[in-house]
Amino acid sequence: MTTYLKEWAIDPFDIVWKNFFDGHSNYNTLQQKINYPVDIYETENGLCFELAVVGLDREDLEILVEGDTLRVTHDGKQDQERTYIAKGIARRSFDLAWKVASKFELSKLNAKLEKGLLIVDIPYSESKAPKKISIK
């Protein structure tokens with residue numbers, strides 16, 4: 001009986017590997033990302049990204065399209081001249097990227113900065129836009 005248990009004993013590496021993909025694990029590296037406040041939703045015209053970028057100007061942000069990837073970056077350089085008494089505003093850098101489905105036309109995206117939100121609208125590709133079919 002002991003031989004049987006040794007053959008089927010779980011290797012510690014197997015536990016770490018399992019925990020790597022387990023969402024409730026203490027060892028989960030896939031879920032340990034810096035979360036940035038963003039809403040992504042589909043509209044009747046396409047896809048919309050809303051990123052909270054309070055305190056940033058247009059010049060502080062960069063939007064890149066790389067193939068089917070939308071990337072939004074900010075280089076959060078800290079002000080070295082200030083001596084902070086309290087520092088509660090996160091002015092950190094970020095580099096966010098999303099793969100966008102081919103039914104959206106990334107080359108025709110529109111971006112605007114409004115009330116502390118960066119709003120990126122990506123229209124449907126004309127050939128892949130949803131079409132309403134009437135029943136005869």
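Contact here means heavy atoms within 4.5 Å. The structure described is a predicted model.

A search of the whole structure finds two aromatic pairs. In one of them, Phe-49 and Trp-98 have ring centres 4.9 Å apart and planes at 50 degrees, so this pair is tilted. The pair links distant parts of the chain, with Phe-49 in strand β2 (residues 46-52) and Trp-98 in strand β5 (residues 94-99), 49 residues apart. Both Phe-49 and Trp-98 are buried.

The other pair is formed by Phe-104 and Tyr-124, whose ring centres are 5.2 Å apart; the planes stand at 20 degrees, so the pair is stacked, given that planes under 30 degrees apart count as stacked. Phe-104 is located in the loop between β5 and β6 (110-114), whereas Tyr-124 belongs to the segment after β7 (117-123), so the pair ties together parts that are 20 residues apart in sequence. Phe-104 has a relative accessibility of 8% and therefore counts as buried. Tyr-124, at 11% relative accessibility, also counts as buried.

Ser-125 likewise lies in the segment after β7. Its relative accessibility is 6%, so Ser-125 counts as buried. When residues up to four places away in sequence are not counted, Ser-125 touches Ser-102, Lys-103, Phe-104 and Glu-105. With two of these residues, polar contacts are found: the side chain of Ser-125 reaches the backbone oxygen of Ser-102 at 3.3 Å, and a polar contact of 3.3 Å joins the side chains of Ser-125 and Glu-105.

Definitions and conventions: Residues numbered from 1 in each chain as written. Predicted model: local features only at pLDDT ≥ 70, side-chain atom pairs only at ≥ 80, totals over all residues. Heavy atoms only, no water. Phe/Tyr/Trp six-rings, centres within 6.5 Å; stacked < 30°, edge-to-face > 60°. Helix = DSSP H or I, 4+ residues; strand = E, 2+ residues; numbered from the N terminus. Buried < 20%, exposed > 50% of the residue type's maximum accessible area, 1.4 Å probe, protein only. Polar contact = N/O pair within 3.5 Å; in protein donor to acceptor, adjacent residues only side chain to side chain.
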